[in-house]
Amino acid sequence: MALTDARTRDEEHERQHLAETLRLLTMELERLTGDIDKSTRTIDERKKHLWDNLRDMDFAEKANYRGEVDMSVRLAEHAVMLQKRIERLLESPYFGRVDFHANGDADATPYYIGIHNFSDPETQEIVIHDWRAPVSSLFYDFESGEAFFDTPKGTTHGDITGKRQYKIEGGRLKYMFDTSLNIGDEVLQQELSQSADDRMKNIVATIQREQNAVIRNETARVLILQGVAGSGKTSIALHRVAFLLYRFKDTLSSDNVMILSPNKVFGDYIADVLPELGEEKVAEIDFNKIASKYLAKVTDYETFSEQVVKLLDQVDEASAERMRYKATSEFVTELDEWVTSRADEEFAPGEIEQKSKRLSVDWVVDMFNDSRDLPVFTRLDHVANTAVHLLKNEVRDKGGKWSAADTTSVRKQVRAMFPYKDSFAIYKAFYQQDPARRGMFKPLGKKKIEYADVFPLIYTMIRTARQENFSHIRHLLVDEMQDYTPIQYAVLRELFSCQMTILGDANQSVNPFSSSSLATIHSIFPDADCLELCKSYRSTTEITDFAQNISRNDKLVPIERHGLPPQVVACADQREQETHIRKLVERHGHSDHRSLGIVCKTVAQAKALHRALSDAGVELTFLDYDSTAFAAGVIITSAHIAKGLEFDVVIVPDVDDTNYANDMDRCMLYIACTRAMHELHLTHDGPLSRFLEFTKESTNRFRVVDADAEETAVA
Ligand SMILES: Nc1ncnc2c1ncn2[C@@H]1O[C@H](COP(=O)(O)OP(=O)(O)OP(=O)(O)O)[C@@H](O)[C@H]1O
C-alpha cells in the first residue's frame, strides 16, 4: 500500500513537472512567435521604405538599409529555427532523467534529458539538457551508484541515485520506467517492436552504452567501426555527427561534414536523422561521383553496380583474379612505390634551348629536385614554368621577341625528359613493364576500363599530378566500408585530410573478391581507433538465428525479441510463387505492419517480378540503380540496393539452388534476410538453395512448407 502510494505521488510529481515544463515551453514559443512577427513587420516596412525612397537615397543610405534588412532576416531565421526546436520539445520535452549527487553537494539534482537544451526564460536555469551535453552521458554510461562526467572544466564525480525513462507523445506522458540498468530493456523493446518507417529514425532515448562510446569519441582522427547487421552502425554514425557538431560548434558546421554513402536511395533513407536531431542536412557523395569527377575527361569506366551485375551474372576466373589482386593492401604498396619512384628512375634531364638561350642540365636537375615532395607532373610543370620565365626575360632583355610558340617549345622539351605523357600512361606502364603483372590490366574496350582499375588510376593521378581535393571537409563519414578496397581508402586518405568515421560489416560484402575487413582498412589508417558492435537490434531472435545459419558470425549477440519463425515456402512453379507472394502482400495490407520489401537477388529478377506482380494488380515501387528516393509501402528491389535499408516484412523470392549457389549469392541472401525486422518469408520452386539446407534439419525453428499447405495460413 505504502509503495503504491509512493508511486502515485511520484507519478503525480512527474505529471506536474511535465505540465510546468510545457508551460515554460509554451511561453517561450509565444515569445518567439512574437519576435518573428515583429521581424517580419520590420522587414516589410524597411523594404517598403527603401522602395519608396530609393531615388532620394545616396549609396551609403541604401547600403545601410539593406544591411538592416539582412540583419532582420538573419534574426528571423534564427528565431524560426528556435521555434522549430520548441515545437519539437512541446511534442516530447524529454525522454530521460538522471538524479546525480555530486560529491560535496547537499542533495542529488535531477537532470531531465531531451533532444535539445532548454532554459527557463525567466531564471535561465536549464530545464532540459541536450542529450549531447556532458551531464547527459551519465544517463547512457552508468547504472546506479558511483559515476562521473567530463566537462571542458574537468571531471565531476558523485553518485547516481535514480534513473528514469519516459515516453511522452503529443505532450502527454504515455509511460515511465525507473531503471537502475543502462537504458531499460522495456523501453528498448517497445522501440524495436515499432513498425519501420520510410525514414531512418533517431534513437536518442535508447542509445546503448557501447554505442554511446562510439558517438562520444572525440579523440579518434579515424574511427573504424565494425558492426554486425542491425547493430545500429548507421544510426550511431549519424548521432556521432550530431554529437560532434554540438561539441565543436565553434569550429565545425554541417557544411564541413560529408557522408560517403553507397547509393542515392540510402542517402534519401537516412536524410531525416540529422534534421530530427536539430542539425542541418550534410552533403553526400559516393564513389561514382568521385570517379566521374576525376575520370570524366580521362576515360570511360565500368561502374560499381555494373561490376556487381557482371559478378552476379557469371564472372570469368581471369577477371576475378584481377579484382582479387587489386583489392589487397600489398597492391596499394606496390603501386604507390612504383608510381612514386618513376621520377627518380625515369626522369632524364637534358639541356633546354630556345632562341639560342640555354639552361644547363645541372640547372634542370636542381630545379627538378627543388620540389621533391610534389607529384612528378607538377615538378615538370615547375621546371618548365621557371625555364620559360628565365628564358623569356633573357630574350626580351636583349631586345628579342618571345611568342606562345616559344613557351610551347620549352614545355615540350621539358616533357620529353619524362617518358610518360600523362598519369594514365604511367598507370598502364605499371602493368606493361613487369611480366608478372602483364595480364592484370585488361580494358573493356578501346576507351573503357574495368571497375577494378578505376581507383588505382585515380590514385595514380593524385600521386603524379596535382588534383583538386576536398579541403573544406573536416569530417567524412564512410558507410558500407567492406565494399571499398584498400586503394579506395588510399584515394580517400589523399583527398580528405580530415577526421573520418568508417563503418561497415565484413559479412555484408557484395563482392567476395574484393571486400575489406576491419584489419585491411586498418592497414591504410594505422593510427585509427577500431571499435566493434556485436549486438544486433533490428530483427527478431528468430530472423537473426536464421540469417546466422546462412553466414555465421560468432561474435553476433541477438537481441531477445521474438516473432514469427521465418517461413520457407516450396512452390510448384514460378506462377505459384507469384501467387503466394501476391497473397503475402495482400495479407500485409491488412496487418499493422507498414513496410514490406521484396528483395530479389538481382535487379533484372526484381524487374521481371515487378512486372508480373503489377500486371496482377499489386501496387508496389520498384527501386533500381537509378532510383533516388526510398518509398513507403511495398518495395521491390535487389539485395545490393536494399543494403542498409530495413522493412517490417521481407520476402525473398527464388531461393532455389540455381539462383543462390556461389559465395556471392550467399552474401546477397544474407543481406536480403537481415533487412527484415519482424517477419521473413522465402519462396522457391525447384530444389532449395544449398545455403538453406539447414532449414530441413530444424523444422522446429523455421517453417518449411509447401505452398498448398500455406494457402490456408496465408488466406
Ligand atoms: N539503441 C537503439 N535503440 C533503438 N533502436 C536501435 C538501437 N540501435 C539500433 N537500433 C535499431 O536497429 C535497426 C538497425 O540500425 P542500423 O540500420 O543503424 O544498423 P546497421 O548496423 O547500420 O545495419 P546494417 O548494417 O544491417 O544495415 C534500426 O531500426 C535502429 O533504429
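The legends below describe close-up views of a predicted model.

**View 1. Helices α12 and α17 pack against each other.**
Helix α12 covers residues 329–346, and helix α17 covers residues 451–464. Two packed helices are described by the angle between their axes and by the distance between those axes. Here the angle is about 35° and the axes are 10 Å apart. The crossing of α12 past α17 is right-handed. On the α12 side, the contact is made by Leu335, Asp336, Val339 and Thr340. On the α17 side, Pro456, Tyr459, Thr460, Arg463 and Thr464 take part. Sorted by class, this contact of α12 with α17 holds four nonpolar, three polar and two charged residues.

**View 2. The largest nonpolar core has 159 residues.**
The residues with the most contacts inside this core are Val241, Ile458, Val650, Leu669, Ala672 and Cys673. Helix α17 supplies the largest share of the core, nine residues. Leu669 touches Ile550, Val652, Val655, Tyr660, Ser689 and Phe691, when residues up to four places away in sequence are not counted. Another core, of 16 residues, lies apart from the largest one. Among the residues of this other core are Leu359, Phe368, Ala387 and Val410.

**View 3. Gly230 lies in the loop between β8 and α6.**
Strand β8 spans 222–227 and helix α6 spans 233–247. An unreviewed UniProt entry lists Gly230 under "binding site", together with Gly227, Val228, Ala229, Ser231, Gly232, Lys233 and Thr234. Gly230 counts as buried because 25 C-beta neighbours lie inside 10 Å, and the cut-off for a buried residue is 20 or more. Leaving aside neighbours within four places in sequence, Gly230 is in contact with Ser536, Tyr537, Arg538, Ser539 and Thr674.

**View 4. Gly232 is also placed in the loop between β8 and α6.**
Gly232 is another residue that the unreviewed UniProt entry lists for "binding site". With 22 C-beta neighbours inside 10 Å, Gly232 counts as buried. Not counting residues up to four places away in sequence, Gly232 touches Ile203, Gln211, Leu533 and Tyr537.

**View 5. Residues 301–328 carry the UniProt feature "coiled-coil region".**
This feature comes from an unreviewed entry. In the model, the chain over residues 301–328 is 71% helix and 4% strand. The C-alpha atoms at the ends of residues 301–328 are 21 Å apart.

Technical notes: Residues numbered from 1 in each chain as written. Predicted model: local features only at pLDDT ≥ 70, side-chain atom pairs only at ≥ 80, totals over all residues. Axes fitted to C-alpha atoms, helices over the stretch in contact; angles between N-to-C directions. Helix = DSSP H or I, 4+ residues; strand = E, 2+ residues; numbered from the N terminus. Left-handed = near helix turned anticlockwise from the far one by under 90°. Contact = placed C-beta atoms within 7 Å. Nonpolar A, V, L, I, M, F, W, Y, C, P; charged D, E, K, R; others polar. Core = buried A, V, L, I, M, F, W, Y, C linked by C-beta atoms within 7 Å. Buried ≥ 20, exposed ≤ 12 C-beta atoms within 10 Å, placed from the backbone. UniProt positions renumbered as here; feature names shortened; annotations may be inferred.
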